[in-house]
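Here's a quick briefing to read with the model open on your screen. Take a look at the chain first, then go through the points below.

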Amino acid sequence: IPTTELDSYMELVGIDPAVRDQLYKLASSHLCSNVPGQIMTSLMVNGPKPGDVSYQSHEAEKKAIFQSLKRRAKIATAGLNS
């Protein structure tokens, strides 16, 4: 069972299977983000929908970021190919 974000390890030997299962559940509950973390992840993954107040500005920002990445990728490609 991973015990922290530091990749610790715990081996359960000679532990009753029912107790072991409860310990696995307890350890796995620490792998999930808290409610605010889940809300933020949801907001990042599910952007505004057409008709939402921020939809147009979100799309404009997304397009600008994509164009910037595309421009820099072309510069990097040209540099690597020269």
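This is a predicted model: local features need pLDDT of at least 70, side-chain atom pairs count only at pLDDT 80 or more; totals for chains, interfaces and linings use all residues.

**Surface**

- The chain exposes about 7,300 Å², and carbon and sulfur atoms supply 62% of that area.
- Ile15, Val19, Leu23 and Leu26 make up a nonpolar surface patch of about 310 Å².
- Val19, one of the patch residues, sits in helix α1.
- How accessible is Val19? Its relative accessible area is 44%, so Val19 is partly exposed.

**Helix α1**

- Helix α1 covers residues 17-29, which is 13 residues.
- From first C-alpha to last, α1 reaches 18 Å, close to the 18 Å expected at 1.5 Å a residue.
- Have a look at the start of α1, where a side-chain oxygen of Asp16 comes to within 2.9 Å of the backbone nitrogen of Ala18.

**Salt bridges**

- How many salt bridges turn up in a search of the whole structure? The search finds 2.
- As background, side chains of opposite charge can pair when their charged atoms come close.
- One of the bridges joins the side chains of Arg20 and Asp21, at 3.6 Å from N to O. That distance falls within the 4 Å cut-off for a salt bridge.
- Lys62 pairs with Glu59 in a salt bridge, and their closest N and O atoms are 3.2 Å apart.
- Why are Lys62 and Glu59 about one helical turn apart? Because they are 3 residues apart in helix α3, which spans residues 55-81.
- The general rule is that an α-helix has 3.6 residues a turn, so residues three or four places apart point the same way.
- Lys62 counts as partly exposed at 45% relative accessibility, and Glu59 is also partly exposed, with a relative accessible area of 26%.

**To recap**

- The salt-bridge partners to click on are Arg20 with Asp21 and Lys62 with Glu59.
- For the nonpolar patch, select Ile15, Val19, Leu23 and Leu26.

Note on methods: Residues are numbered from 1 along each chain as its sequence is written. Side-chain values use heavy atoms; hydrogens and water are left out. Helices (H or I, at least four residues) and strands (E, at least two) are DSSP runs, numbered from the N terminus. The expected span of a helix is 1.5 Å times one less than its number of residues. A polar contact is a pair of N or O atoms within 3.5 Å; within protein, one must be able to donate a hydrogen and the other to accept it, and residues adjacent in sequence count only if both atoms are side-chain atoms. Buried means under 20% relative accessible area, exposed over 50%, partly exposed in between (1.4 Å probe, protein chains only). Patches are made of residues with over 30% relative accessible area and no salt bridge: like charges are joined within 9 Å, nonpolar side chains (Val, Leu, Ile, Met, Phe, Trp, Tyr) within 5 Å. Accessible areas come from the Shrake-Rupley method with a 1.4 Å probe; for residues, only the protein chains shown count as cover.
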